[in-house]
Amino acid sequence: MLAEYCATVMRTVRFISEAFAGKRNTPGSVLHGFGHRGAARLYGQPVVSGPVSRVRVSETAGLANVLINTVGGCVDIGEYVFFGHDVMLLTGTHDFTVTGPDRQIPRKELDRSIVIENGAWIASRSVIIGPCRIGANAVIGCGCIIDFDVPADTVVKVRQEIVKDTIRYRGATRPGQLMAEGKKG
């Protein structure tokens, strides 16, 4: 049991160090003219906030520039899971019932874990808030905020309402606008 745990920790540390060394999930050519932040975004380097030992990542997963917060739980990423850019996996939380500086202290609870099962796709700018489980082969669409369990083989997407209104200019008549008399110009 201890040997298995140590192997998992070592694999995770190696994965994160390879990502930062540019050996994994990075383009082959070197980009010039970008600062550190720009290069990190383009190279797709993951960032872990909290104990790295709480992250378990399959060697076949594609992390891009995912932010992984492990303050309040563990994050387990399965085989062939892949991420778009700017995805956040958040296990941390704060106590909103207190005020002042006490509100800024993160609650270090271990019951806010995130599990992402094999083959899931988490699209760009999605936010996954623990505790939750993303089922096998599930798809989380761009910009979704997930704080609930998603069953396997399910697509979750944001559906927005599109409203198109014609601009009505004051004091001017344009083709297609109503004139003061109520006639079309």
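Q: What do buried, exposed and partly exposed stand for here?
A: Buried means under 20% relative accessible area, exposed means over 50%, and partly exposed lies in between, with a 1.4 Å probe and protein chains only. The model is predicted, so local features need pLDDT of at least 70 and side-chain atom pairs count only at pLDDT 80 or more, whereas totals for chains, interfaces and linings use all residues. Residues are numbered from 1 along each chain as its sequence is written, and side-chain values use heavy atoms, with hydrogens and water left out.

Q: Why does F82 count as partly exposed?
A: The relative accessibility of F82 is 40%, which lies in that in-between range, and therefore F82 is partly exposed.

Q: What makes the rings of F82 and W121 a stacked pair?
A: Rings of Phe, Tyr and Trp (its six-membered ring) pair if their centres lie within 6.5 Å, and planes under 30 degrees apart count as stacked, over 60 as edge-to-face and the rest as tilted. The structure holds 1 aromatic pair; its ring centres, in F82 and W121, are 5.4 Å apart and the planes stand at 15°, so the pair is stacked. This pair links distant parts of the chain, with F82 in strand β5 (residues 82–83) and W121 in strand β10 (residues 121–122), 39 residues apart. Strands are DSSP runs of E with at least two residues, numbered from the N terminus.

Q: What makes β6 and β11 paired strands?
A: Two strands pair if DSSP finds at least two bridges between them; 3 bridges join β6 (residues 88–90) to β11 (residues 127–129), so these strands, which run parallel, are paired. The bridge partner of L90 in β11 is I129. Both strands belong to an open sheet of 5 strands in the order β1-β3-β6-β11-β14, with parallel pairing. The edge strands are β1 (47–49) and β14 (145–146), each pairing on one side only.

Definitions and conventions:
Helices (H or I, at least four residues) and strands (E, at least two) are DSSP runs, numbered from the N terminus.
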